[in-house]
Amino acid sequence: MSQPEDAADLLGQVLLVLWEKGLRVPTTDEDARMWCFGIARNVLREHRRRATKTLDLATALRNHLRDAQLLATAADVAAETRMRAGDVRRALTLLDERAKELLILIYWDGFSIADAARLLSINESTARTRHVRALRRLEATLGSDEHQFAASKSTDMRNARSSQQLRT
C-alpha cells in the first residue's frame, strides 16, 4: 500500500466482508481468527491485483500516446519531405539541361562530382564549377518559393479574417 488511506479502505472492506458472511464464521476461536486473516489476505491480494492492473493500463496508455505522437511526428515529417521534394523537382525544371543532369547524377544517382564529370565527358573542374552554380540557382529558386509560400499563406489568413469579420 502506498497511502495510509488505502489501509483504512482495505480495513473497511475486510469488515464489510466479515459482516456480510457473519453466518459462515467458524465456531472455534482459532478457526474464526484464521478465517478472518484469510479474508483480509484475499482483500489485500485483490487490491494488489487491481493496483498492478491500473499501473499496467497506465503504462500501456503512456506507451500508446508516445507511439501515437511519434507516428504523428513521422507523418508530419513525411508530408513535409514530400512537399519539399516536390519543390526541389519544380526548381530543377527551371535549371538548364547541363546543370540539371549534373545534379541528378550527383544527388539522385549517387555519383561523385568526378564520376559525374567522366559520365558527361567534361573536365572535373568544369563539373565542380557547374555544380556550385547550379546549387546556387537551386537555392535561390527554393528560397523565393518559400518566400512566395509564406506571402500567400499570410494573404490567405488575412482574407479568411476579413471574410469572417464580414459574416459577423
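The following legends describe close-up views of a predicted model. Residues are numbered from 1 along each chain as its sequence is written, and side-chain values use heavy atoms, with hydrogens and water left out.

**Figure 1. Overview of the protein chain, with five helices and zero strands.** From the N terminus on, the elements run α-α-α-α-α. Helices (H or I, at least four residues) and strands (E, at least two) are DSSP runs, numbered from the N terminus. Of the 168 residues, 17% count as buried; buried means under 20% relative accessible area, exposed over 50%, and partly exposed in between, with a 1.4 Å probe and protein chains only. The accessible surface comes to about 13100 Å², and carbon and sulfur atoms hold 58% of this area. Accessible areas come from the Shrake-Rupley method with a 1.4 Å probe; for residues, only the protein chains shown count as cover. Among contacts with a separation of 6 or more, 49% are between residues 24 or more positions apart, where contact means heavy atoms within 4.5 Å.

**Figure 2. The largest nonpolar core, with nine residues.** The members are Val 88, Ala 91, Leu 92, Leu 95, Ala 99, Leu 103, Ala 134, Leu 138 and Leu 142. Two or more of these residues come from each of helix 2 (29-93), helix 3 (97-108) and helix 5 (124-167). A nonpolar core is a set of buried Ala, Val, Leu, Ile, Met, Phe, Trp, Tyr and Cys residues joined through side-chain atoms within 4.5 Å. Val 88 is in contact with Trp 108, Leu 138 and Leu 142, leaving aside neighbours within four places in sequence. Another core, of seven residues, lies apart from the largest one and includes Leu 105, Ile 106, Ile 113 and Ala 127. In soluble globular proteins, nonpolar side chains tend to be buried together.

**Figure 3. Helix 3 and the residue Gly 110 just after it.** Helix 3 has 12 residues and reaches 15 Å from its first C-alpha to its last, close to the 16 Å expected at 1.5 Å a residue. The expected span is 1.5 Å times one less than the number of residues in the helix. Buried residues in helix 3 are Ala 99, Lys 100, Leu 102, Leu 103, Leu 105 and Ile 106. Gly 110 takes a positive phi of about 80°.

**Figure 4. A nonpolar surface patch formed by Ile 104, Tyr 107 and Trp 108.** Together these residues have about 320 Å² of accessible area. Patches are made of residues with over 30% relative accessible area and no salt bridge; like charges are joined within 9 Å, and nonpolar side chains (Val, Leu, Ile, Met, Phe, Trp, Tyr) within 5 Å. Trp 108 is found in helix 3 and counts as partly exposed because its relative accessibility is 47%.

**Figure 5. The salt bridge between Arg 137 and Asp 96.** The nitrogen and oxygen are 3.2 Å apart. Arg 137 lies in helix 5 and Asp 96 in the loop between helix 2 and helix 3, so the pair links distant parts of the chain, 41 residues apart. Arg 137 is partly exposed at a relative accessible area of 37%, as is Asp 96 at 34%. A salt bridge is a side-chain nitrogen of Lys or Arg within 4 Å of a carboxyl oxygen of Asp or Glu. The whole structure contains seven salt bridges.

**Figure 6. Salt bridges within helices, including Glu 124 with Arg 128 in helix 5.** The N to O distance for Glu 124 and Arg 128 is 2.6 Å. These two residues are four residues apart, about one turn of the helix. Glu 124 is partly exposed at 31% relative accessible area, and Arg 128 is partly exposed at 43%. Salt bridges that share partners also join Glu 46, Arg 49 and Arg 50 into one network. Glu 30 forms a salt bridge with Arg 33, with the closest N and O atoms 3.9 Å apart. Because Glu 30 and Arg 33 are three residues apart in helix 2, about one helical turn separates them. Side chains of opposite charge can pair when their charged atoms come close.

Figure 7. Thr 141 counts as buried because its relative accessible area is 16%. Leaving aside neighbours within four places in sequence, Thr 141 is in contact with Ala 91 and Leu 94.

Key: Predicted model: local features only at pLDDT ≥ 70, side-chain atom pairs only at ≥ 80, totals over all residues.
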